[in-house]
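Trainee: I'm new to this one. Please put it up and talk me through it.

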Amino acid sequence: MNIIQLKGVHQEYQSGPIPEVILESITKSFAAGKVYAVMGPSGSGKTTLLNIIGGILRPVSGEVWLDGENLVKLSEKKLGQLRLNKVGYIFQSFNLLPFLTVEENIFLPIRLVKKDVKPYLERYASLLKSLGIEGKKDVYIHELSGGQQQRVAIARCLLMQPKVILADEPTGNLDSTNGDQFMNLLTAMAREHQITVILVTHDEHIASFADEIIDMKDGCITTNSIRGDKGNENIRRANL
Ligand SMILES: Nc1ncnc2c1ncn2[C@@H]1O[C@H](COP(=O)(O)OP(=O)(O)OP(=O)(O)O)[C@@H](O)[C@H]1O
């Protein structure tokens, strides 16, 4: 099932006399439970694409469908609610607060919108268990390793039961072992919870964990690589 559909998404910025095209009429679908890696040179439009999918930016034209709603047509208020309920973010720095505990960090987004944490407690406990950090809930973030911090960031993101997780260079600060672990966890969680994950990376090895690699150049998708059934070696490259 396609959870995200981009139809003719076009973005441009006018800083000089002539508008600069950033995304050129992008049409692309993203399925539930699949992991997508977006690659391409600096300035090719990867972050802009992510921000449009997450409802942070509105494109100049085109449609952005997320779980049955066209984000382009939503009011700011509705868009804010949708971002909160359906979109999760994982950043390179994980955006955790170092002098709060693991538990306080994970519940922070819920407390910020003054929601009751009670309905989330069961899910919280099972996420900590499946991510192997159940013994760390009262530990401060600054006392954790990078690998443990990334698990906290995943738990915080998953607690809100998003439909999509957007991650911009999420492994940028990790060594290769922790980077691999992060990708294994993220892909397992995407399958288990049927969440679409879209991540931007410059690292081909990290991208090889994805179900599909989307190459971008000058605001266009140039190639789609879809992983075959036999794993990473079996990448099928299809020109669009
Ligand atoms: N708010 C803005 N105003 C004007 N131009 C912008 C704005 N945001 C991005 N751009 C331009 O859009 C282009 C694409 O930027 P974007 O950040 O999407 O690229 P990217 O592929 O993510 O690059 P990188 O790999 O360096 O992060 C760049 O040329 C950038 O200068």
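Mentor: One definition before we start. Two strands pair if DSSP finds at least two bridges between them. Also, this is a predicted model.

Trainee: Got it. How many bridges join β4 and β5?

Mentor: There are 2 bridges between strand β4, residues 61-66, and β5, and the pairing is antiparallel.

Trainee: Which residue in β5 is the bridge partner of Leu66?

Mentor: Glu69 is the partner of Leu66.

Trainee: What sheet do they belong to, and in what order do the strands come?

Mentor: An open sheet of 4 strands, in the order β2-β1-β4-β5, with antiparallel pairing. The edges are β2 (20-31) and β5 (69-70), and each of these pairs on one side only.

Trainee: Let's pick a residue there. Where is Gln5 found?

Mentor: In strand β1, which covers residues 2-13.

Trainee: What does Gln5 touch?

Mentor: Ser29 and Trp65, leaving out residues up to four places away in sequence. For a sense of scale, the C-alpha atoms of Gln5 and Leu159 are separated by 24 Å. Those two are 154 residues apart along the chain.

Trainee: New topic. Which residues are around the ligand?

Mentor: Among them are Tyr13, Ser15, Ile22 and Gly40. The shell also includes Ser42, Gly43, Ser44, Gly45, Lys46, Thr47 and Thr48.

Trainee: How do the shell residues divide by type?

Mentor: 8 are polar, 2 nonpolar and 1 charged. Helix α1, residues 46-53, gives the largest share of the shell, with 3 residues.

Trainee: On to β3. Why is strand β3 called largely enclosed?

Mentor: Because 5 of the 5 residues of β3 (35-39) are buried.

Trainee: Which residues sit on which side of β3?

Mentor: Val35, Ala37 and Met39 lie on one side, Tyr36 and Val38 on the other, and both faces are covered. As a rule, side chains in a regular strand alternate between the two faces of the sheet.

Trainee: Which strands does β3 run parallel to?

Mentor: Strand β8 (196-200) pairs with β3 in the parallel sense over 4 bridges. Strand β9 (212-217) also runs parallel to β3, joined by 4 bridges. Val38 has Val200 in β8 as its bridge partner. Met39 stands opposite Asp215 in β9.

Trainee: And the largest nonpolar core? Which residues touch the most other members?

Mentor: Tyr36, Ala37, Val38, Val164, Val197 and Ile198, out of 58 residues in that core. The largest share comes from α5, with 6 residues. In soluble globular proteins, nonpolar side chains tend to be buried together.

Trainee: Zoom in on Val197. What does Val197 touch?

Mentor: Val35, Tyr36, Ile165, Ala167, Leu186 and Ala190, again not counting residues up to four places away in sequence.

Trainee: Back to α5. How many of its residues are buried?

Mentor: 10 of its 14, so-called mostly covered. The buried ones include Val152, Ala153, Ile154 and Leu158. Gln149, Arg151 and Arg156 are also among them.

Trainee: How far does α5 reach from its first C-alpha to its last?

Mentor: 20 Å for residues 146-159, close to the 20 Å expected at 1.5 Å a residue. Gln161 follows α5, with a positive phi near 50°.

Key: Residues numbered from 1 in each chain as written. Predicted model: local features only at pLDDT ≥ 70, side-chain atom pairs only at ≥ 80, totals over all residues. Expected span 1.5 Å × (residues − 1). Buried ≥ 20, exposed ≤ 12 C-beta atoms within 10 Å, placed from the backbone. Near = placed C-beta within 6 Å. Nonpolar A, V, L, I, M, F, W, Y, C, P; charged D, E, K, R; others polar. Contact = placed C-beta atoms within 7 Å. Core = buried A, V, L, I, M, F, W, Y, C linked by C-beta atoms within 7 Å.
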